[in-house]
Amino acid sequence: GHVGLTPQTADALGGFKVQGRQAESAQNILAQAQALEKAGCFSLVLECIPSQLAKIITAQLSIPTIGIGAGPHCDG
């Protein structure tokens with residue numbers, strides 16, 4: 001799975017910018033991550049999100065997270 005900045009939808013997200021800085025968008029990204037795990041994803045890419053949000057997502061999921069511009073709290 002892939003959450004945060006997804007290049008194929010960057011234009012709809014306001015361009016190539018950090019996603020999840022506001023509480024509402026952070027909650028949406030967390031909900032997307034949880035839904036992807038529930039749907040059967042075996043790992044999750046967290047792209048261009050605040051490191052604290054990546055830390056929360058990584059702690060709440062049982063699948064590994066891979067960070068791309070998401071700080072040091074991802075699994076890889």
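In this predicted model, a polar atom of the Thr 58 side chain sits 3.5 Å from the backbone oxygen of His 73. Thr 58 itself belongs to helix H2, and it counts as buried because its relative accessibility is 12%, below the 20% cut-off. Leaving aside residues up to four places away in sequence, Thr 58 touches Leu 46, Thr 65, His 73, Cys 74 and Asp 75.

Across H2, which spans residues 51–60, the buried residues are Leu 53, Ala 54, Ile 57 and Thr 58. These four end up on the same side of H2 because they cover an arc of only 135 degrees around its axis. As for what they face, the buried residues of H2 pack against helix H1 (23–39), strand E2 (44–47) and strand E3 (65–68).

That brings in the sheet. Three strands make up an open sheet, in the order E1-E2-E3, and their pairing is parallel. E1 (2–4) and E3 stand at the edges with a single partner strand each, so one side of each has no neighbour in the sheet. On average, and with direction ignored, neighbouring strands here are turned by 25 degrees against each other. Strands of a sheet pair through backbone hydrogen bonds, in either a parallel or an antiparallel way. Between E2 and E3, which run parallel, there are 4 bridges.

H1 packs on it by touching E1 and E2, and the direction of H1 makes about 170 degrees with that of E1. H2, for its part, lies across E2 and E3 and runs at about 165 degrees to E2.

Back to Cys 74, one of the residues touched by Thr 58. Cys 74 counts as buried, since its relative accessibility is 13%, again under the 20% limit. What about disulfides? A search of the whole structure turns up 0 of them. Cys 41 is in no disulfide, and the nearest cysteine sulfur, which belongs to Cys 74, is 15 Å away. For Cys 74, the closest cysteine sulfur is that of Cys 48, and at 12 Å it is too far for a bond, given that a disulfide calls for sulfur atoms within 2.5 Å.

Conventions
Residues numbered from 1 in each chain as written. Predicted model: local features only at pLDDT ≥ 70, side-chain atom pairs only at ≥ 80, totals over all residues. Heavy atoms only, no water. Buried < 20%, exposed > 50% of the residue type's maximum accessible area, 1.4 Å probe, protein only. Helix = DSSP H or I, 4+ residues; strand = E, 2+ residues; numbered from the N terminus. Arc of directions from axis to C-beta. Contact = heavy atoms within 4.5 Å. Polar contact = N/O pair within 3.5 Å; in protein donor to acceptor, adjacent residues only side chain to side chain. Pairing = 2+ DSSP bridges. Axes fitted to C-alpha atoms, helices over the stretch in contact; angles between N-to-C directions.
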